[in-house]
Each structure stands twice: as structure tokens, then as C-alpha cells.
Amino acid sequence: MLARIYRPAKTAMQSGKAKTKDWILEFEPASARRSDPLMGWTQSTDMKGQVRLTFETREEAVAYAQANGLAFQLFEPKVPKRILKAYADNFAAGRRQPWTH
């Protein structure tokens, strides 16, 4: 069973960086989810799909996977590109496009 080790990105509903510092170890789904015919809920026979371990560092997560003989895939986090803006830049004299209304 293949495990994924990654650091989660912030959700679209977040403005801060809460819950993005820890590293997560999750297992790949072994089988596809099925729809329950009576209730319409999704069901799975894969119990490892419920396991989600958190670690403070990437090295701790990798060491755990190696100590337990888990095949894993490591995903490096993408660094967000910050664009610094100021309201005064809208009225700057050296603006690329003229400001008109």
C-alpha cells in the first residue's frame, strides 16, 4: 500500500496559515468508492483510507514510513508567489497603464 507524505496548502476559505505547518501521511485508496443504493452515501472497504497521521517535520514522517516498511511518495510543498501591492500604486505616475475612468 502506497502512502503519501505532504504538507497541506491552505483552503480557499482560509486567510491565515493555520493547519499548514504539519506534514501529513495518508494512504492511497486501494479501491474505488461505491454508492450505497439505499441511502446514496459513499462506501469503501478500505480501512486504511481513514488513517491520517500528522508530523511536525518531513523527516519524522519519512522516518515513520521507513521504520514501518511503508512504500511512500513524498510531495514537496509549493512556495506561494507573493505579490506586494499598495493602494497608492493605483495613482503612481510611473504606472504601466493610465488610470482613467
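## Lining of the largest pocket

The lining of the largest pocket is made up of five nonpolar, one polar and five charged residues. In this count Ala, Val, Leu, Ile, Met, Phe, Trp, Tyr, Cys and Pro are nonpolar, Asp, Glu, Lys and Arg are charged, and the others, Gly among them, are polar. The structure is a predicted model, in which local features need pLDDT of at least 70 and side-chain atom pairs count only at pLDDT 80 or more, while totals for chains, interfaces and linings use all residues. Residues are numbered from 1 along each chain as its sequence is written, and side-chain values use heavy atoms, with hydrogens and water left out.

The lining residues are Arg7, Pro8, Ala9, Lys10, Lys17, Thr20, Lys21, Pro77, Lys78, Val79 and Pro80. A pocket is an open set of points on a 1 Å grid over the protein atoms alone, where a 1.4 Å probe fits, with protein on both sides within 12 Å along at least five of seven lines; lining residues have an atom within 4 Å of a point. The volume of the largest pocket is about 370 Å³, a volume being the space filled by probe spheres set on the points, which are joined across faces, edges and corners.

## Second largest pocket

The second largest pocket has a volume of about 250 Å³. Of its 14 lining residues, Arg33, Ser44, Asp46, Gly49 and Gln50 lie nearest the centre. The lining holds four nonpolar, four polar and six charged residues.

## The sheet

An open sheet of four strands has the order E5-E2-E1-E6, with mixed pairing. Strands E5 (52–55) and E6 (71–74) are at the edges with a single partner strand each, so one side of each has no neighbour in the sheet. Strands (E, at least two residues) and helices (H or I, at least four) are DSSP runs numbered from the N terminus, and two strands pair if DSSP finds at least two bridges between them.

Strand E1 (residues 2–6) runs parallel to E6, joined by four bridges. Leu2 is opposite Ala71 in E6, and Ala3 has Phe72 as its bridge partner there. E1 also pairs with E2 over four bridges, in the antiparallel sense.

## Helix and salt bridges

Helix H1 (residues 58–67) lies across E1, E2 (23–27), E5 and E6, at about 160° to E6. Angles run from 0 to 180 degrees between N-to-C directions of axes fitted to C-alpha atoms, for helices over the stretch in contact, where contact means heavy atoms within 4.5 Å.

There are five salt bridges, each a side-chain nitrogen of Lys or Arg within 4 Å of a carboxyl oxygen of Asp or Glu. One of them joins Glu26 to Arg4, with the closest N and O atoms 3.8 Å apart. Glu26 is in strand E2 and Arg4 in strand E1, so the pair ties together parts 22 residues apart in sequence.
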